[in-house]
Structure formats: C-alpha cells, structure tokens
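Reader: I'd like to go through this structure with you. Can we start with the terms?

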Amino acid sequence: MKVKVIVTLKDGVLDPQGKAIQQTLNGMSFSEVKEVRQGKYFDIEVSINDEEKAKVKVDEMCKKLLANLVIEDYKIL
Amino acid sequence: MRSAVIIFPGSNCDRDMDVALKKFGFKNQMIWHNDMEIPKSDLIVLPGGFSYGDYLRCGSIAGKSKIIKSVLEFANSGGLVLGICNGFQILTETGLLPGVLLQNKYQKFICKNVHVKINDKENKYFKNIKKEVLELHIAHNEGNYFCSDDELKSLINNNQIAITYCNENGKEADRYNPNGALSNIAGIFNKNKNILGMMPHPERVIDKSLSSDDGNFFFENLIENLK
C-alpha cells in the first residue's frame, strides 16, 4: 500500500524559499498572500497491507530519516 | 600522525583536505563511504561538498551511509572527528553535534573569505594556536546554524562554540555574519570537544598564492597538539 507523508518546517524556523515565493506571489498581484511555508511530500510504497502496521513503520522512517525533528514536523496522511 | 578522509559520492573537498593534511605531516588515507572499517587513525575528516547531491537535507543521506557506524564508534570512544562544511552538516545529521544548518538567510550561495574568532582553546584543535582571528574561506548554501534555545544555552555553558564570524579585529556584528547563523556561530564542538564541525574551509587557504594562508595556523597547530 501507499503511505503519504508531509514534512513541514516548525513554526519559527526561517524559510527563505517560502519567503521568496510569498514575495513573488505578492509581486504577481496576489496581494492577499501573507505567508508561504514550503514543505516536502513523500509517496511511500510499502510491502505491508495492514494500514496501521504500515503507518507505524513509516512513523519510524520519519523519525529516523525523512524529517529532522530539530526543525521539522511531519504528518502521515 | 595518521588521518582518514571519508569520501562520499558528491564530496568535492576531499582532495584539498588530503593535500592540506599531508603538507603538515599527516599520513592520510582516503576512505570510500561504502567501506565498513576505518584504518587506525588519529583524526577522521568528513570533507566538504554535496554528498548525495544534498538530497532530502544536506548531509542526511551521508549520515546513514555504511561507513558512518565506524565514524560514530570512533567519535564516541573519544577519537578526533573534524567535519568541514558538508562534513559539519553530516555531523549534525548523525546527532554527533547538536542543531542543524539551515539555508542561508539571504538565499544566496556564498563563496568568499570571512574572518572567524577562536572562542575556546581548551581543546586539541585550537590549543596554543598562534592567532586569535583567522581568515578562512566559506562556500555554502546551507550554513545558517540553528538550534533550540536550550541547546544554545548548553553550547554556551559548556564552551562548545568553537568559532564565530567576526571582522578582521575579532569584532562580532550582524554585518560580519554571512549567513544568518545563530549567535554568529561558524563552528561548534561536542561536549567532550573531540568533535569539531565548522562551515569555513581551512584546507582552502594553506598557501600564500591563495587568498589567505591562515589555514596553515590551524593544521600546523592541530598536528602539534596530536603529537
């Protein structure tokens, strides 16, 4: 089955790319854009059919590699 | 004195480091990341570059490579481990050093000489070094050191902040901080001070024909301290 993961920067961690995207959008006359935070999305195909078991495994992957918990949070969708 | 430089796919300062170490008398060996063992060494160096293309996060993939287990064992038994630039990023990703290197504050790859002040000399890297401020080279896109408030307090309390960005007279200020690093941090130690991670490249400034030769002070001193 497939497991989807989103990794985002924690609040307060500087995101220069998000800032540049926000400024560009503002410059394109999307003046309503107040902030952009850029994140990462992973589609992980695992050879486990049980959803709960697969998510437990992916949770371990997030902690060990996919996210750096000093600066990032993750969400398994 | 024996040293080992680990080469990852995408390392590009490994040979500069080899030249620098040999210039000052180290018997250096180059070790491939897929090897399992490191020959007996007095110093292990994780060089600069773009290991694994900086995929996922800088240093994250290298931090899980086969050779790292031996580096961890060596470091945890008190061996000297020096990480320069990408090597510093790898050290934070393995957890040997606290914090993380974020993208530079102003979104630019920075390649220039900077001055750094040596903040602590009670360690094998800087003990008896003849200069207080060194002119070294930096070349990075992710050198903005960041850690939690508690970690920063701990770094300060344990004198783990090794070097900080400053001007040629050792004065620290925002305008001398090239990448937005917290507290002008350019390099830190672990608690035992056997592990040093730093963004500047001393191996790039070891000859008068280059833009500075202050790297000589660093390597000359390091090998003396290891004898």
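Author: A residue is called buried if 20 or more other C-beta atoms lie within 10 Å of its own, exposed if 12 or fewer, and partly exposed in between, with C-beta atoms placed from the backbone. Helices (H or I, at least four residues) and strands (E, at least two) are DSSP runs, numbered from the N terminus. This is a predicted model, in which local features need pLDDT of at least 70 and side-chain atom pairs count only at pLDDT 80 or more, while totals for chains, interfaces and linings use all residues. Residues are numbered from 1 along each chain as its sequence is written, and chains are lettered from A and ligands numbered from 1 in the order in which they are written.

Reader: OK. Which residues of helix 2 of chain A are buried?

Author: Val58(A), Cys62(A) and Leu66(A). They sit on the same side of helix 2 of chain A because they cover an arc of only 55 degrees around the axis. The arc is that of the directions from the helix axis to the C-beta atoms.

Reader: And which are exposed on the other side of helix 2 of chain A?

Author: Glu52(A), Lys53(A), Val56(A), Glu60(A), Lys63(A) and Lys64(A).

Reader: What do the buried residues of that helix pack against?

Author: Strand 1 (2–9), strand 2 (40–45) and strand 3 (72–76) of chain A. Contact here means that the C-beta atoms of two residues, placed from the backbone, lie within 7 Å.

Reader: Switching to chain B. Which residues of helix 2 are buried there?

Author: In helix 2 (residues 68–76) of chain B, they are Ile68(B), Val71(B), Phe74(B) and Ala75(B). Seen down the axis of helix 2 of chain B, they fall within an arc of 120 degrees, so they line one face of the helix. Their packing partners in chain B include strand 4 (80–84) and helix 3 (86–94).

Reader: What follows helix 2 of chain B?

Author: Gly78(B), with a positive phi near 100 degrees.

Reader: What is the strand order in the open sheet of chain B?

Author: The order is 2-1-3-4-11-10-9-6-7, 9 strands with mixed pairing. Strands pair if DSSP finds at least two bridges between them. Strand 2 (27–32) and strand 7 (133–140) of chain B are the edge strands, each pairing on one side only.

Reader: How do strand 10 and strand 11 of chain B pair?

Author: Strand 10 (residues 185–189) and strand 11 (residues 195–198) of chain B pair in the antiparallel sense over 3 bridges. Phe189(B) stands opposite Leu196(B) in strand 11 of chain B.

Reader: Last one: how many residues of chain B are in contact with chain A?

Author: 12 residues of chain B are in contact with 9 of chain A.
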